[in-house]
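Hi,

Here's the structure I promised to pass on.

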Amino acid sequence: MDIYGFLAPLIGTIAFAVLAPIIGCLLAGVDRVLSARMQGRVGPPLLQPYYDVRKLFEKEGVTVNGVQDAYVICALVFAVIAGGIFFSGGNLLMCVFVITLSSLFFIIAAYSSRSPYAELGAARETLQVMAYEPMVLLFAVAFCMATAVLPGALGSFPVLGAGSFDVATVFRLDVPVIACIWPVFLGMMFILTIKLRKSPFDLSMSHHAHQEIVRGMTTEMSGSTLALVEILHWCENVLFLGWVGIFFVWGGPWTILVGIVVALAAYFLEILIDNNFARVKWQFMLKSAWAVALVAGGINIAVLAFL
């Protein structure tokens, strides 16, 4: 590996660790403000998520065991690494694997509390991972195949089989990858609701008080541990919206603005869905997510294989 191949992910990870919590906090604030407006309420100020997390850090640290904090910290670290890999133009497939590892550490953290409510939330989170992971993997494969068939920067088609998982490859394309993998984009929009933990698929933990007796996975988490979980969620949101935006980035860096606009539009759509749909059963989530992955992802990849 050359020096650039080492420094780019490192710099990207550091930048993501600094910027993602800030951007994620603002997105969470926008979520609360828009949700309040949709429900006819005044709502909290834009920076209310920041105030909440700051207050949690000021509280006395109380944990049910000595390993829960370690698992949560590992989940946050791997989420930051996944974001650094993606936004530095690194390997998309590796990014998917690392963020899945982050989710597994979060699930183990919930299981470690031995609380029946937290264990139920962890079981539901495991089902959510099982539901969206096939579509996410198909997204990475379709991205690689799309970079092999779309025209390159010089207007000529690349050599067959020369596709790449590297996110930076999109800047060498004449058209965005959505031109040939738009069914995969629709599939990703469907499972984005699960990834962002929005209704109707917020089974493991919900910010809607009327849908929870207790707090699901975070029932036994408080203080700084819960604050880290909130920051983890902010980082995940930024990464997942980055996945949405990459469908619309091509050619020069100026197209990043197009990707940002699309990602923000997708986030607004998720907020709208979140405030208009009630929670569904896990069986429907699992069946519908797999059906979408099979139709949107499977068929799209089959078509790309013959191009």
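Which residues have the most contacts inside the largest nonpolar core? Keep in mind that this is a predicted model. That core has 87 residues, and the ones with the most contacts inside it are Val 177, Ile 181, Leu 239, Trp 243, Ile 246 and Phe 247. Helix α7, residues 223-245, gives the largest share of this core, with 14 residues.

Leaving aside neighbours within four places in sequence, Val 177 is in contact with Phe 143, Ala 146, Leu 150, Val 170, Ile 246 and Phe 247.

Next up is a helix pair. The axes of α2 (residues 48-58) and α7 come within 7 Å and cross at roughly 150 degrees. On the α2 side, the contact is made by Pro 49, Tyr 50, Val 53, Leu 56 and Phe 57. The α7 side includes Leu 226, Ile 231 and Trp 234, along with Glu 230. Sorted by type, the residues of this contact come out as 10 nonpolar, 2 polar and 1 charged.

Last, a serine to look at. Ser 102 lies in helix α4, which covers residues 92-111. Is Ser 102 buried or exposed? Its relative accessibility is 0%, so Ser 102 counts as buried, the cut-off being under 20%. The side chain of Ser 102 reaches the backbone oxygen of Ala 75 at 2.6 Å. Not counting residues up to four places away in sequence, Ser 102 touches Ala 75, Phe 78, Ala 79, Leu 232 and Glu 236.

Cheers

Definitions and conventions. Residues numbered from 1 in each chain as written. Predicted model: local features only at pLDDT ≥ 70, side-chain atom pairs only at ≥ 80, totals over all residues. Heavy atoms only, no water. Core = buried A, V, L, I, M, F, W, Y, C linked by side-chain atoms within 4.5 Å. Buried < 20%, exposed > 50% of the residue type's maximum accessible area, 1.4 Å probe, protein only. Helix = DSSP H or I, 4+ residues; strand = E, 2+ residues; numbered from the N terminus. Contact = heavy atoms within 4.5 Å. Axes fitted to C-alpha atoms, helices over the stretch in contact; angles between N-to-C directions. Nonpolar A, V, L, I, M, F, W, Y, C, P; charged D, E, K, R; others polar. Polar contact = N/O pair within 3.5 Å; in protein donor to acceptor, adjacent residues only side chain to side chain.
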